[in-house]
Amino acid sequence: MSIDFFWRIPTHGEPGSHRSRLPYRGDWYQGQDHIRHPGLGGGGQDGFSYIDYIAEVAHAAEISGFHGGLLPSFPMTDEPWAISSFLARETRRFRFMIAFQPGFLNPVTAARMTASLQRATGGRALFNIITGGGGPAQLWWGDSFSHDDRYTRTTEFLDILRGVWQGKPFSYQGRFYQVEEASLPFPLNHETFPEIYFSGSSDAALVSASRHADYYLSWLEPLAQLREKFDRVKAKTDQLGRKIKCAVRVDIVARATEEEAWREVRRGFENLDPVQLERYRQQLARQGDSVGASRQSGFRPSQVNSYKDLIIEPNIWSGFNLLRGGQGQGIVGSYEQVARRLDDLIALGADAFILASTPHLEEAYRVGEEVLPLVRGRASVVTAPESLSLSA
Ligand SMILES: Cc1cc2nc3c(=O)[nH]c(=O)nc-3n(C[C@H](O)[C@H](O)[C@H](O)COP(=O)(O)O)c2cc1C
């Protein structure tokens, strides 16, 4: 069985390295006055769009063997559907994993948008279904439903997405959605139904994932906890007579030697400003109701004086959120060590990965060329991306 590798597309700007926030690539950086635009313009705006940079990242990831890219969706990112349509024209086989929260789109509209995107891209769209972590970020979208209600809404949404894709009149009476004799018309209903990755660690998430997901997707956790979660979602899915695969979203710092990799992390840690350390403390006492986020916080020590305090397992560092926000756990080591840790994850049940490292452009080449060829996978081979029909 082959292992699928995706790369993250940084749709919210990024610093030029793990070591420092500056220079900053992109115009999303909070505190605009700190941005120094590199190039010939003496540090001023040079007309180069950050979206052009994202296209370079997608090219680099495609050329270096990744099957596709994840486009995250947060209040501070660009919009993934729009960016995917643009990137499809820039790439050949690269697949687009669009993160979206079902509650924010009508399901029949979403089915039509998806089918049109499949038509335009030769079937290269897939989803990371997210259900939201509650708290202020959820209210930002105007969503005040409770945690488990949001998952009920996600399940109903996916019921309808699948239902209307059959191309026959489909009616549905749910708590959140009702449709009467809806269906995708020909030729949209002949497009490939998108593969579904599904994120969330709560019991409600696992119930919804077992019904609809092709891949259950988790952030990296200590290996014993991750194995237990994967086993639980697989058991639930088996009960429904379905099969589910598992995937891990993980940041990495990979260098020729372990010393170089830790040096990169140490320098990043030493360059942190007090604001970022304060953000770290706030994330430990995070607002919201995300079970996955509180699991992440629970794996991190509260007292941190050195980057070494954040090493929680061999080659696993839990301070990535300090360097670039997001979730904490990631892999640090030599190319060989990072590949072995990915093999460990494959051994405990991972069938796919979404990898990321900063800066995403150069690191796509590095990881694709230096790490992926060392991953033995389950069958000692990692297959090249399949060729897909090219209509874009
Ligand atoms: C790998 C992964 C990627 C995620 N990406 C996003 C994202 O792009 N946008 C977002 O709002 N939430 C994202 N989330 C959080 C999800 O919204 C998730 O539903 C949330 O953690 C609450 O679920 P839980 O309580 O079941 O853990 C992601 C979660 C994981 C595990």
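Which strand and which helix each supply at least two residues of the shell around the ligand? Strand 10 (215–219) and helix 10 (291–298) do. This is a predicted model, in which local features need pLDDT of at least 70 and side-chain atom pairs count only at pLDDT 80 or more, while totals for chains, interfaces and linings use all residues. Residue numbers start from 1 along each chain as its sequence is written.

**Figure 1. Overview of the protein.** The protein has 13 helices and 15 strands (DSSP runs numbered from the N terminus: helices are H or I with at least four residues, strands are E with at least two). Of the 392 residues, 43% are buried; a residue is buried if 20 or more other C-beta atoms, placed from the backbone, lie within 10 Å of its own, exposed if 12 or fewer, and partly exposed in between.

**Figure 2. The shell around the ligand.** The ligand is surrounded by 22 residues, the closest being Ser199, Gly200, Ser202, Ala205 and Gly292 (a residue is near if its C-beta atom, placed from the backbone, lies within 6 Å). By class, the shell has nine nonpolar, 12 polar and one charged; Ala, Val, Leu, Ile, Met, Phe, Trp, Tyr, Cys and Pro count as nonpolar, Asp, Glu, Lys and Arg as charged, and the others, Gly among them, as polar.

**Figure 3. Helix 6 and its surroundings.** In helix 6 (residues 203–212) the buried residues are Ala204, Ala205, Leu206, Ser208, Ala209 and Ser210. They pack against helix 5 (147–165), strand 9 (196–199), strand 10 and helix 7 (223–239), where contact requires C-beta atoms, placed from the backbone, within 7 Å.

**Figure 4. Packing of helix 2 and helix 3.** Trp81, Ser84, Ser85 and Ala88 of helix 2 meet Met113, Leu117, Ala120 and Thr121 of helix 3. The residues of this contact comprise five nonpolar, three polar and no charged.

**Figure 5. Packing of helix 3 and helix 5.** Helix 3 and helix 5 pack at an angle of about 55°, and their axes are 9 Å apart. Helix 3 is thus oblique to helix 5. Pro107, Val108, Ala110 and Ala111 of helix 3 make the contact with Phe157, Ile160, Leu161, Val164 and Trp165 of helix 5. The contact has nine nonpolar, no polar and no charged residues.

Figure 6. The peptide bond from Phe186 to Pro187 is cis, with omega near 5°, and Pro187 sits in the loop between strand 8 (178–182) and strand 9. Another cis peptide bond, with omega about -5°, joins Thr358 and Pro359. Glu181, not a glycine, has a positive phi of about 50°; Glu181 lies in strand 8 and is exposed, with 9 other C-beta atoms within 10 Å. Asn315 has phi near 65° and is buried, with 21 other C-beta atoms within 10 Å.

How values were computed
Two residues are in contact if their C-beta atoms, placed from the backbone, lie within 7 Å. Axes are lines fitted to C-alpha atoms, for helices over the stretch in contact, and angles run from 0 to 180 degrees between N-to-C directions. Angles under 35 degrees count as roughly parallel, over 145 as roughly antiparallel, 65 to 115 as roughly perpendicular and the rest as oblique.
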